[in-house]
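Let's take a walk through this fold together.

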Amino acid sequence: MSLKTINTMTVKSFILGLFVLLFSAQSFAYSYAAAGKEPLIEGREALLKALSENDYNAVQTAYDSMQKEFVYFNEHHGLAVDKQMQTAITNKDQQGVTTALITTIKAEVMRRLNGAEQNINDYQVAKVLVVKSKLFIDLLAADLTADNRQQADIAIRGALASIGNPGVFGVGQKPADVTRYIEYRTSLQAALQFTLPDAPTK
């Protein structure tokens, strides 16, 4: 095999490896905006069932299936819900487990809504993020007062309307209104009584 052939293969391998790396990073960053399974939603059901049966081995298994979601908020926002959850499971602290779960769901709502704001000029991405945040809000219904549930419902509907609409072939097109969007997102934060901490500076 000639040196030229080896060099060509090396370059191709490098480019392929770089592409895979970039694609993987992009997939990780935007997976929360894609259609598909939601580990936190699926894991929550299994965790609550195990918790009701006082089966902490099953609680641990359920948590393991969605641990990455908890770790994300620690690594990117300094919200130590992963440590709180693991400590609560180890101590068989039912209230601690529930609190860590609720906090993480609220964080997930705000994560999606923050992402929608950042992508507000990309209607499809923003829409998916807002709609997905509604799925997580629904999980919190039992933990909110009636007034806060109503406020959250109005806020999420307003946020969805605020991202605009591309229309059909331009007909019925409505531009995004980022100012109104932020107002509704802030109202939702108040309803959930939760603000996602800013990413920690390094």
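Which residues in the largest nonpolar core touch the most other members? In this predicted model, they are Leu 47, Met 85, Val 109 and Leu 188, out of 49 residues in that core. Helices H2, H3, H4, H5, H6, H7, H8 and H9 each supply at least two residues of this core, and H6 gives the most, with ten. As general background, nonpolar side chains in soluble globular proteins tend to be buried together.

Setting aside neighbours within four places in sequence, Leu 188 is in contact with Val 109, Leu 113, Ile 137, Ala 152, Ala 155 and Ile 156.

Now follow H6 itself, which covers residues 94-118. From first C-alpha to last, its 25 residues reach 36 Å, close to the 36 Å expected at 1.5 Å a residue. Most of H6 is covered, with 18 of its 25 residues buried. At the start of this helix, a side-chain oxygen of Asp 93 comes to within 3.3 Å of the backbone nitrogen of Gln 95.

Helix H4, residues 67-77, buries Glu 69, Phe 70, Tyr 72, Phe 73, Asn 74 and His 77. After H4 comes Gly 78, with a positive phi near 70 degrees.

Stepping back, the protein chain has nine helices and zero strands. Of its 202 residues, 37% count as buried. Among contacts between residues at least 6 apart in sequence, 67% join residues at least 24 apart. The accessible surface comes to about 12,100 Å², and 57% of that belongs to carbon and sulfur atoms.

Definitions and conventions
Residues numbered from 1 in each chain as written. Predicted model: local features only at pLDDT ≥ 70, side-chain atom pairs only at ≥ 80, totals over all residues. Heavy atoms only, no water. Helix = DSSP H or I, 4+ residues; strand = E, 2+ residues; numbered from the N terminus. Expected span 1.5 Å × (residues − 1). Buried < 20%, exposed > 50% of the residue type's maximum accessible area, 1.4 Å probe, protein only. Polar contact = N/O pair within 3.5 Å; in protein donor to acceptor, adjacent residues only side chain to side chain. Core = buried A, V, L, I, M, F, W, Y, C linked by side-chain atoms within 4.5 Å. Contact = heavy atoms within 4.5 Å. Areas by Shrake-Rupley, 256 points an atom, 1.4 Å probe, with all protein chains shown as cover.
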